[in-house]
Amino acid sequence: MRGLLDPSEDELITTSNEFANEFKNLIQEVQTMTNVTINSVTNETLNQTIQLKNFKQAGTEGIASCKIRSIILPLLADHVLREANHYIRLLETYEGM
């Protein structure tokens, strides 16, 4: 969605890039994990996903109220927010195993 933001939304674009880099690093870290060490990265992923969900929630509200310049439809913003919530539920289920 960051590609659909207006180029003047520098701060949001930067934050989006930081999230992308963080998740890229988590993916690389997971590739070296074993069943014994996977819980540490699961907890970190859950924390990062909650932060991402909060960012997406603020973005969805900003788009819906026309406070964020973009060509993003509010329905698309809501969809990606629901995806984050779904992933959080999956991670919380795994964490309880």
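Select Thr49 to start. Thr49 sits in helix α2. Helices here are DSSP runs of H or I with at least four residues, strands are runs of E with at least two, and both are numbered from the N terminus. This is a predicted model, in which local features need pLDDT of at least 70, side-chain atom pairs count only at pLDDT 80 or more, and totals for chains, interfaces and linings use all residues. Residues are numbered from 1 along each chain as its sequence is written, and side-chain values use heavy atoms, with hydrogens and water left out.

Is Thr49 buried or exposed? Thr49 is buried, because its relative accessibility is 2%. Buried means under 20% relative accessible area, exposed means over 50%, and partly exposed lies in between (1.4 Å probe, protein chains only).

Now show the side chain of Thr49. One of its polar atoms lies 2.7 Å from the backbone oxygen of Thr45. Next, show what surrounds Thr49. Leaving out residues up to four places away in sequence, Thr49 touches Phe23, Ala84, Tyr87, Ile88 and Leu91. Contact means heavy atoms within 4.5 Å.

Thr42 has a relative accessible area of 8%, so it counts as buried. Beyond residues up to four places away in sequence, Thr42 touches Leu91 and Tyr94.

Select Glu44 next. This residue lies in helix α2. Glu44 is partly exposed, because its relative accessibility is 30%. Neighbours within four places aside, Glu44 is in contact with Glu22, Leu26 and Glu29. Draw a line between the C-alpha atoms of Glu44 and Leu26.

Move to Val30, in helix α1. Val30 counts as partly exposed, because its relative accessibility is 37%. Residues up to four places away are again left out: Val30 touches Ile38 and Val41. The C-alpha atoms of Val30 and Val41 are separated by 6.8 Å, and the two residues are 11 apart along the chain.

Now for the core. Which residues form the largest nonpolar core? Select Phe19, Phe23, Leu26, Ile38, Val41 and Leu52, its six residues. Helices α1 (10-30) and α2 each give two or more residues to this core. A nonpolar core is a set of buried Ala, Val, Leu, Ile, Met, Phe, Trp, Tyr and Cys residues joined through side-chain atoms within 4.5 Å. In soluble globular proteins, nonpolar side chains tend to be buried together.

Another core lies apart from the largest one. It has five residues, among them Ile63, Ile68, Ile72 and Ala77.

Go to Cys66, in the loop between α2 and α3. Cys66 counts as exposed, because its relative accessibility is 68%. Check its backbone: Cys66 has a positive phi of about 60°, although it is not a glycine. Most residues other than glycine have a negative phi.

Finish with Leu73. It lies in the loop between α2 (38-64) and α3 (74-95). Leu73 is exposed, because its relative accessible area is 60%. With Leu73, they form a nonpolar surface patch of about 400 Å² accessible area together. Patches take residues with over 30% relative accessible area and no salt bridge, joining like charges within 9 Å and nonpolar side chains (Val, Leu, Ile, Met, Phe, Trp, Tyr) within 5 Å. A salt bridge is a side-chain nitrogen of Lys or Arg within 4 Å of a carboxyl oxygen of Asp or Glu. Accessible areas come from the Shrake-Rupley method with a 1.4 Å probe; for residues, only the protein chains shown count as cover.

Key: A polar contact is a pair of N or O atoms within 3.5 Å; within protein, one must be able to donate a hydrogen and the other to accept it, and residues adjacent in sequence count only if both atoms are side-chain atoms.
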